[in-house]
Amino acid sequence: MNIYIYTIRRLLYVIPVLLGVCFIIFFLFNVVSPDPARMMLDKHATVKQIAEMRHELGLDRPFFMQYLDVVKSAFTFNFGRSWSTRQEISEMIMDGAIPSLSLSFPAFFLATLISICISLFVSFFRGKVIDRLAVIFCVGMMSVSSLAYILFGQWFLAYHMGLFEISGYEFGFPFFIPYVILPIIIWIILSIGPDVRFYRTVILDEIYQDYVRTARAKGLSEIVILFKHVLKNAMIPIITYVVIRIPFLILGALLLESFFSIPGLGGITLDAVKSSDFPVLKAMTVLSSIAYITFSVITDVLYTVVDPRVRLK
Amino acid sequence: MESAQTADFSQNTSKTKVAKSKSLWQHAFSSLLKDKIAVIAFSFVLLYAVVALGAGLGIIASDWTKEIGPSYAAPTFKYILGTDIFGRSVALKAIKGTQVAMLVGLFTAMLSITIGVTLGAIAGYFGGRIDEFIVWFYTTFSSIPYIMLLMTFAFILGKGVTSVCLALGLSSWVSLCRLIRGEVIRHKDREYVHAAAAIGGGDFRKLFLHILPNVFHIVIINFSLTFQMAIKSEVILSYLGIGVQELPSWGRMIDEAKDELARGVWWQLAAAALAMFIIVLAFNLLGDALRDALDPKLKGK
């Protein structure tokens, strides 16, 4: 089977998955959730008022039609209006995307780069004290609550020491930078633990392969082996690991955005949770799932391009 | 591979060699005992479990609601970890919080393992249409980002310990399901399974009595990791206001600390973060040690 047929088949498989995602979202929000009409009106609302509200929200329509609405929104990106701000949701998403990406993109890039460098360094000293310390350090860093990092950074570094902006955001290229530096640093600290552990495992898996022994036997230096042979072969799991997390960047860092008052998509999502804003929550779930599905197709296709050994089934 | 061979062996040997059939587990156990970090980590897990049980039965920290001093008293010898806004002891709150953390961790891990193992084993063993359906089902589930799924479940199920456990369990079974499915597929055509079939074992007997014990190490490792992940996620849910309500939890303490830090009240954050750090670290280290001891692929490295 050649790569084009594989790609097309992989794309076709997207349809049932997307329909399934829509079904889960529909099932959770439209079938099992508490009645939103009651949540929006106060508890003294009459039966008639509730019925009118349900009609206005389209909740009195047959379930199948409501499911079709969710599916339709996934293909047209028309998510309707927010219940709390009455704003067009697609507009909210457009507005929120830039602040989110201005935080998450540089943070993700730097975190990945730093983690790969550290793990290459650590695998060079595999089995030695540096390596063991680094592993213990990573596990330690992973074990601290992310909220603790954020609160400590905001309170101590920004408020107490005055090194960074405490919170807020300004649009435009050079102006946003002071507001995202501290969140970026916290993001990097949060991801170094799991990332270094993962990259180190991947690199060490390769280091014990036969071809490395051959390379060493013909007299190549350890550095050349590490960069030219091991890194190249470790690239497949690394690429998967990196690419599959790109869709989560659009959600930004939910907690970081909310703590540092960055008006991004993550903040919008958390506000929607707090104000029971169903359409926004649905839209964000649909959107992030679509992003995830898209990128998992890209990873699968990249796989076959990067590594000819991967057989197409 | 080691596990398959030992099980294979146990199928064919007589009673005199029963001791040998358990060699994988015995081997794992003895290497775990030699691993100092694993022993220490496990002792901490036990300690937390005892504290949680004590708090649950009302033996320890049952008077956490009592006012012991002024509001926001700083940590001194009298108030070991200071007091909160109502003058309650932060130390007792942190201890009482252990109950919620361990409860949430345990139930979440159990739920996610039950779902993951059942679906994964059925998919891997029976294959065909059932497999396709289950693969579709978990692909769908894993296409929704974990945090969105978790928030949605927690939001819809409402507040409280039970719904937090349900939400966490329902959103964290996919990775285990995928692993178990893969392992069952690798095992189902092994000789020991055919041997079991030859002496008249049915599908469920083969699956639950023969294959599952051989892939069970994955479950144990996963238990440890899911447990600590649940403790960490409970904190985030509590911060979002859709977490535990009725009992003091570390998440709620950190949430309260958010407003207190500006006044310089850091002890509530420190107590909760430290209590959490120790148990999460213990589970992480234990998970690693279990993986080293139980994963046959890592043997000899």
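User: Arg197(A) has a relative accessibility of 21%; how is that value read?

Analyst: This is a predicted model, so the value is computed from predicted coordinates. Buried means under 20% relative accessible area and exposed means over 50%, with partly exposed in between. At 21%, Arg197(A) therefore counts as partly exposed.

User: Where does Arg197(A) sit, and what does Arg197(A) contact?

Analyst: Arg197(A) lies in helix H9 of chain A. With neighbours within four places in sequence set aside, its contacts are Cys138(A), Val139(A), Met142(A) and Asp288(B). Distance along the chain and distance in space are read separately. Arg197(A) and Val129(A) are 68 residues apart in sequence, and their C-alpha atoms are 16 Å apart in space.

User: What joins Arg197(A) and Asp288(B)?

Analyst: A salt bridge calls for a side-chain nitrogen of Lys or Arg within 4 Å of a carboxyl oxygen of Asp or Glu. The side chains of Arg197(A) and Asp288(B) form a salt bridge, at 2.7 Å from N to O. These two side chains are also joined by a polar contact of 2.7 Å.

User: How many salt bridges and polar pairs are there between chain A and chain B?

Analyst: The rule finds one salt bridge across this interface. For polar contacts, the count is six residue pairs, both residues at pLDDT 80 or more. On the side of chain A that touches chain B, the elements giving two or more residues include helix H2 (14-32), helix H8 (146-160), helix H9 (173-207) and helix H15 (278-306). By class, that side has 30 nonpolar, twelve polar and three charged residues.

User: How much area do chain A and chain B bury between them?

Analyst: Buried area is summed over both partners. Here chain A and chain B bury about 3800 Å², with 77% of it on carbon and sulfur atoms. In chain A, Ser143(A), Leu151(A) and Trp155(A) lose the most area to chain B, together 15% of what that side buries. The contact takes 45 residues from chain A and 38 residues from chain B.

User: How is chain A divided into domains?

Analyst: Chain A has domain 1 (3-76) and domain 2 (98-276). Taken over C-alpha atoms, the centres of these domains of chain A are 35 Å apart.

Notes
Residues are numbered from 1 along each chain as its sequence is written. Chains are lettered from A and ligands numbered from 1 in the order in which they are written. This is a predicted model: local features need pLDDT of at least 70, side-chain atom pairs count only at pLDDT 80 or more; totals for chains, interfaces and linings use all residues. Side-chain values use heavy atoms; hydrogens and water are left out. Contact means heavy atoms within 4.5 Å. Buried area is the accessible area (1.4 Å probe) that two parts lose on being put together, summed over both. A polar contact is a pair of N or O atoms within 3.5 Å; within protein, one must be able to donate a hydrogen and the other to accept it, and residues adjacent in sequence count only if both atoms are side-chain atoms. Helices (H or I, at least four residues) and strands (E, at least two) are DSSP runs, numbered from the N terminus. Ala, Val, Leu, Ile, Met, Phe, Trp, Tyr, Cys and Pro count as nonpolar, Asp, Glu, Lys and Arg as charged, and the others, Gly among them, as polar. Domain bounds come from an automatic or database domain assignment. Buried means under 20% relative accessible area, exposed over 50%, partly exposed in between (1.4 Å probe, protein chains only).
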